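I opened a new model today and kept notes as I went. These entries follow the order in which I looked things up.

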Amino acid sequence: MPDDILEINLGDILGATEEPSTQQLTLYVPNKDKEGRTIRNLGRWIKEAQKVLTIIGRGCTTMPPADGTWLEKDTDSMEALKDEDILWEKTTLINTYIDPNRFVKNLKSLREFLHRFGRETKQGEVVFEFAGEFFRIRKYDSK
Amino acid sequence: MAKIIKNSGPTQKQINTEVIARALGAEKVGIKIDTKQGPISLFSLREFLVNHLHSTGGRPTLKGIRETRNKIPLFSEDWEKLKKIAEYYKEKEGVNVSSGQIASALIHVMLK
């Protein structure tokens, strides 16, 4: 082991009662649909996302809305990009460190929520992060 | 040199991201960034690039960047990652950005 790394059992030292989770799940909840219209009942959607993540990770953290963008038009160069091609929105990020067993057990509920959110709020895509990787959903399950 | 503390205790089992993509009906974007920044990563980098890249007809440049170019030695694997990130933004996000500009943006955000 190199001299500059100090290996310690943090759980023991800090008195943690469970093994730590190392995988983070983050949901992105924008305030607009793909046409740029403000989503109705945004608070209800955010609360529902918080509930799903709370079940999966025994708690969650919601970040304040951040400025976000979504490329509306399929433009692939800065030269062709116009301001109106970009949808400017406020996005709320909700994250949790998953409990693996609870995550697997509640995958169906999470899928149901993500696809319903995409479908009912007319999202161009629904995105989330898991374990440092970025995912997108473009085709939603039907009702 | 400051010591790095590494947790040597047991951790919970890891869930495979491929399984999650299939289970949730999602597609993986295709790159992974090893970051200690937490949740924002690709999303905030894209926002930064869109806000700072501007074009006067030629290749887009980052606003506020020094005119003098600096030679910064890079590890090969890091350069490969920067190239993959730049390719991702070009192909998937429509942001015409170079590997060097990605490096500039990441350094700028990390040193803020």
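Predicted model: local features only at pLDDT ≥ 70, side-chain atom pairs only at ≥ 80, totals over all residues.

**Chain B.** I read its elements from the N terminus on as β-α-β-α-β-β-α-α. That comes to 4 helices and 4 strands. I then looked up burial: 20% of the 112 residues of chain B count as buried.

**Strand β6 of chain A.** I turned to residues 126-130 and found 5 of 5 buried. A:V126, A:F128 and A:F130 point one way, while A:V127 and A:E129 point the other way.

Which strands does β6(A) pair with? One is β2(A), residues 24-30, antiparallel over 3 bridges. There I noted A:T26 as the bridge partner of A:E129. Another is β7(A), residues 133-137, also antiparallel, with 5 bridges. Here A:V127 stands opposite A:R136. I logged β6(A) and β7(A) as a hairpin with 2 residues between them. In the turn, A:A131 has a positive phi of about 50 degrees.

**Two helices of chain A.** I checked α2(A), residues 42-57, against α4(A), residues 107-120. Their axes come within 10 Å and cross at roughly 160 degrees. The two are therefore roughly antiparallel to each other. The crossing is left-handed. From α2(A), A:W45, A:E48, A:A49, A:V52 and A:I56 meet A:S109, A:L110, A:F113 and A:F117 in α4(A). I sorted these contact residues into 7 nonpolar, 1 polar and 1 charged.

Note on methods:
Residues numbered from 1 in each chain as written. Chains lettered and ligands numbered in written order. Axes fitted to C-alpha atoms, helices over the stretch in contact; angles between N-to-C directions. Parallel < 35°, antiparallel > 145°, perpendicular 65-115°, else oblique. Left-handed = near helix turned anticlockwise from the far one by under 90°. Contact = placed C-beta atoms within 7 Å. Nonpolar A, V, L, I, M, F, W, Y, C, P; charged D, E, K, R; others polar. Buried ≥ 20, exposed ≤ 12 C-beta atoms within 10 Å, placed from the backbone. Pairing = 2+ DSSP bridges.
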